[in-house]
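Welcome, and please have the sequence and the 3D view open side by side.

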Amino acid sequence: MGRFRNPVLPGCHPDPSVCRVGGEFFLVTSTFEVLPGLPIHRSRNLVDWELVGHAVHRPGQLDLSTVPASGGLFAPTIRHHDGRFHVVCTVVHGEGRQGHFLVTATDAAGPWSDPIWFDGVPGIDPSLTFDEGRAWLCGTRLAEPGAWEGQTEVWLRELDPASFAPIGPEHLLWRGALVGARWAEGPHLFRRDGRWLLLAAEGGTERDHAIVVAYADEITGPYVGDAGNPRLTHRDLGSRAGLVDVGHADLVDDADGRSWAVLLATRLIDGRRSLLGRQTCLVPVEWEAGRPLFAPGVGRVLAEVEADGVPDAAPAPRDAGPLVVDDGRGGVRLGLEWNGVRRLPSEVAAIGPDGAVRIAGGDPPERVGRPAFLGARLPSVRSRVRVRFEVEQAAAGFSAGLLLRHSEDAHLAFVVREDDGARRLAVSLRAGGEEQRLVEASAPALGPIELALEVDGFAVTCSVRAVGGGLEQIGAADVAVLSPDVAGGFLGVWAGVLAVGDGSIRVDALEVSALD
Ligand code: 6LW
């Protein structure tokens, strides 16, 4: 019997989808306006995951440059077929191309292909099914005209298995387990024991979220809901639950024939609000006369799970790792965990011949623009974020420092600002369309500077260190307004370095790590 901890993938990792190739599992999650997009994690045991690449990782692959917060890359699905990985996903909002697309790769680490677009196919949450030489795409869309708010329909289209062009008619599969069901979404189809199983989410991705199941003899339906739906939810537990929002699952069998579900869940800090957003969890699945039993014996997603078929896992490493890593070809590159917003990290930061990372200022973080932000998912509600940098060039008004980011409308900035020769330190919190200046202080004279944030739930302290000096706390903030439960949207919090305006910095150290 092994024992592991949920979430198995800490930090904002919603809408997980998983597949197995031999003895290895591959998992993809949603990333919205963050790039590189659609991280691919690999594991041999389902509990220890290693980030190996991203399905959206090259300039020109997709245009997310005008996508507002929580638009962009919604729920993806990963499947392996005919020697290739296939990831289907949707671009939502923005002025670039929108809709469902497929990217493929022989190696999950990449390179991934340019997208093949599914023109004219509506909705979100696409999933791919390969079956006996045929290929199928299912997804969900708003019912039109909807009889009630949030009424959606799960549809199915057959694809040409070579070109992936949709062929044949649309089949309507599912509108939810209950009359009046809202947000039937996140569908996946499986052939099991001679019949088809439809796994779907329902209730919306917040407290009412649930996993439901339906069965059919043919992939095209008709589907009949399981009499015990929802098969897994925490909606009835309210704030008593350690993990809430449980839903949006995918299924995989291990090489020994055991079944598992990956799913999303949120951990609340104060019984009402989270900071990291939706994270990826794992539960064992058993089969009872062809019906899936999620987390047998408990029927809930626990923070600590005992199960056969997994090792006693060491806690997942929860730091973003070094900013610059060996690229395996005699050179260096930015570490895979580091992200930009609407820009690839390589478009934000340059590694010089001297090995130094330089960032030129970009748009302010409250604008749907091109921010010069390089950050990572906050890995824990107890985290440390730290940057050591030097301003190399600066016009008046240039600022650089740390950002705790939920969105354009919700973030905490802790920066050094250059004002006509004078350097000022400023901490400001933006929420609900307003910016609040929490701290304004004079900054140490020119030279490298270190800024640090210590996050303890919603309490954040801001400290500064000048060359040769000690770390000095200059302010504190309550960042509950950055909670996705307050600020809305689909993302949790990212943390990292930011440069705004006309100027540039050299980053000597950047750290985002868990303290527990
Ligand atoms: C995802 C969908 C959802 O596509 O949230 O509310 C979306 N439901 O399943 C983004 O995670």
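Over how many bridges do strand β35 and strand β36 pair, and in which sense? Strand β35 (residues 422-431) and strand β36 (residues 434-442) pair over eight bridges, in the antiparallel sense. Strands here are DSSP runs of E with at least two residues, helices are runs of H or I with at least four residues, and both are numbered from the N terminus. Two strands pair if DSSP finds at least two bridges between them.

Before going further, a word on the model. This is a predicted model, in which local features need pLDDT of at least 70 and side-chain atom pairs count only at pLDDT 80 or more, while totals for chains, interfaces and linings use all residues. Residues are numbered from 1 along each chain as its sequence is written.

Back at our pair of strands, Ala-426 has Glu-440 in β36 as its bridge partner. β35 and β36 form a hairpin with two residues between them. In that turn sits Gly-432, whose phi is positive at about 55°.

UniProt lists residues 333-503 as "domain: Beta-xylosidase C-terminal Concanavalin A-like" in an unreviewed entry; its positions are given in the numbering used here, feature names are shortened, and annotations may be inferred rather than shown by experiment. In the model, this span is 58% strand and 5% helix, and its end C-alpha atoms lie 23 Å apart.

Now look for an open sheet of seven strands, ordered β29-β30-β41-β32-β37-β38-β39, with antiparallel pairing. Its edges are β29 (349-351) and β39 (472-478); each has a single partner strand, so one side of each is left without a neighbour in the sheet. On average, neighbouring strands of this sheet are turned by 30° against each other, direction ignored; such angles are taken between N-to-C directions, from 0 to 180 degrees, with axes fitted as lines to C-alpha atoms, for helices over the stretch in contact. Inside the sheet, β30 (residues 357-360) pairs with β41 (residues 503-514) over four antiparallel bridges, and Ile-359 stands opposite Ile-505 in β41.

Another open sheet has four strands in the order β2-β3-β5-β6, again with antiparallel pairing. Here β2 and β6 (50-56) stand at the edges with a single partner strand each, so one side of each has no neighbour in the sheet. The twist averages 25° from one strand to the next. Five bridges join β5 (residues 37-43) to β6, and Arg-42 has Glu-50 as its bridge partner in β6.

Next, find the ligand. It is surrounded by 15 residues, the closest being Phe-74, Ala-75, Glu-185, Gly-186 and Thr-205; a residue is near if its C-beta atom, placed from the backbone, lies within 6 Å. β12 (124-131) and β16 (185-192) each supply at least two residues of this shell.

Finally, some backbone details. Most residues other than glycine have a negative phi, and most peptide bonds are trans. Asp-125, in strand β12, has a positive phi near 60°, and Asp-193, in the loop between β16 and β17 (195-202), has one near 50°. Is each buried or exposed? Asp-125 counts as buried, with 30 C-beta neighbours inside 10 Å, whereas Asp-193 is exposed, with 10. The cut-offs are 20 or more other C-beta atoms within 10 Å for buried and 12 or fewer for exposed, with partly exposed in between, and C-beta atoms are placed from the backbone. The peptide bond from Asn-6 to Pro-7 is cis, with omega near -5°.
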